[in-house]
Amino acid sequence: MKGGISLDNTLYYGDNLDILRKYIPDNSIDLIYLDPPFNSKANYNILYKEPSGEFSDAQITAFEDTWHWAEKAETAFKEIMDSAPAKVVDMMRSFRSFIGNNDMMAYLTMMCIRLIELKRVLKDTGSIYLHCDPTASHYLKILMDVIFDQKNFRNEITWEKIKSVKAQTLGFGNVKDSIFFYVKSNISIFNQIRVPHDEKYLKQMYRYYDEDGRRYRLHDFTQTGQGQARKFGAELLPPPTGKHWIWSQEKINEGLKNGLIVFSKSGMPQVKRYLDEVKGKALSDLWNDINPMGSVSKERLGYPTQKPEALLERIIKASSNEGDIVLDPFCGCGTTVTTAQKLNRNWIGIDITHLAINIIKLRLKSMFGIEPKK
């Protein structure tokens, strides 16, 4: 255990590797979301400024030293060779043998050493979501498989980040990001998320209304498997061949009394399924219902890599409960932090730029009237 941490609502300025090692205890975090920078084409003169607003050559140099192959990446690689688990060492050595000493290898090295730390701080019941684009997603999947164990992989979530596709001369438009979802063990927290059915589905399926305005659909009253005849009022009806009625006689009597059973023109019973009793459709790993940050979005702060609150809300609700601790080690403009606050989670945010820290502080104060610990 490492001491000196407040496990609620703390904002750290600095390199997340140093912060993790100095302040974050083993097995203390319930949920990690990270959206690490790489090939984002961001204008780093925008991101890296001093508190005065002046461009920070020192911060830009530090960024380049971290994410390009240089002394810092070489030092991190050596540390991995000396202290990481054998499988991680073998993987990174193999990567270097065919990738070479370039930006991609520097990125994977710096991500590897941080992912090892993130696994350390994650609780056995915890989950991690790594957000990336196709530039390095294939390498990151291998990294995650080795560090967190392939058996703990749950999903590669595809988020449709762009709705309007621009024509490309050399290929198809890139409209998606990947979010790799891993757990630390098979006792991880997971809350089933359901989303509303779209209106086209509702118009097609829930076409009927009761006198009181309740909307419903008619559902088949049979299931596969031979069964006996049942009485529907005064009439004894056998089920179709190879089928059985879905309800017992007692439940049929109750359903008739309550108006839950109706008959088709051919005389077949059907049961009402009310829309207001439906939880919604189960969520798949294709997320195309969360809109990206538009130019006129109320959430938009002008931060180059900002993600919509709805995206983080879904992740936080699925893999944590109220009072849990959510960590974002590349917290940028603070969407993870503010969404966690809104959902009554504790949070820890880390970022290496003054701009990000100042934006988060202003965002928390304007939204919740709070000053984060720092």
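This is a predicted model: local features need pLDDT of at least 70, side-chain atom pairs count only at pLDDT 80 or more; totals for chains, interfaces and linings use all residues.

**Stop 1: two helices side by side.** Select residues 103–121, which make up helix α6, and residues 137–148, which make up helix α7. Their axes sit 10 Å apart and the packing angle is about 30 degrees. Angles under 35 degrees count as roughly parallel, and α6 and α7 are therefore roughly parallel to each other. If you care about handedness, α6 passes α7 in a right-handed crossing.

**Stop 2: the contact itself.** Now show side chains. On the α6 side, pick residues including Met104, Tyr107, Leu108, Met111 and Leu115; they belong to the set that meets α7 residues, among them Tyr139, Leu140, Leu143 and Phe148.

**Stop 3: Asp15 and its partners.** Switch to charged side chains: a search of the whole structure turns up 24 salt bridges. Zoom in on Asp15, in the loop between β1 (10–13) and α1 (16–23). Asp15 is buried, at 12% relative accessible area. One partner is Lys72, with the closest N and O atoms 3.5 Å apart. Lys72 lies in helix α4 (residues 71–83), so this pair ties together parts that are 57 residues apart in sequence. Lys72 counts as partly exposed, at 30% relative accessibility.

Because Arg114 is in helix α6 and Asp15 is in the loop between β1 and α1, the pair ties together parts 99 residues apart in sequence. Arg114 is buried as well, with a relative accessible area of 4%.

Stop 4: Which side chain does Glu117 meet in a salt bridge? Arg21, at 3.4 Å from N to O. The two are 96 residues apart, Glu117 in helix α6 and Arg21 in helix α1. Is Glu117 buried or exposed? Buried, with a relative accessible area of 10%, while Arg21 counts as partly exposed at 26% relative accessibility.

To finish, select Arg21, Asp26, Glu79, Glu117 and Arg120 together: these residues are linked in a network of salt bridges.

Conventions:
Residues are numbered from 1 along each chain as its sequence is written. Side-chain values use heavy atoms; hydrogens and water are left out. Axes are lines fitted to C-alpha atoms, for helices over the stretch in contact, and angles run from 0 to 180 degrees between N-to-C directions. Helices (H or I, at least four residues) and strands (E, at least two) are DSSP runs, numbered from the N terminus. Angles under 35 degrees count as roughly parallel, over 145 as roughly antiparallel, 65 to 115 as roughly perpendicular and the rest as oblique. A crossing is left-handed if the near helix is turned anticlockwise from the far one by less than a right angle, and right-handed if clockwise. Contact means heavy atoms within 4.5 Å. A salt bridge is a side-chain nitrogen of Lys or Arg within 4 Å of a carboxyl oxygen of Asp or Glu. Buried means under 20% relative accessible area, exposed over 50%, partly exposed in between (1.4 Å probe, protein chains only).
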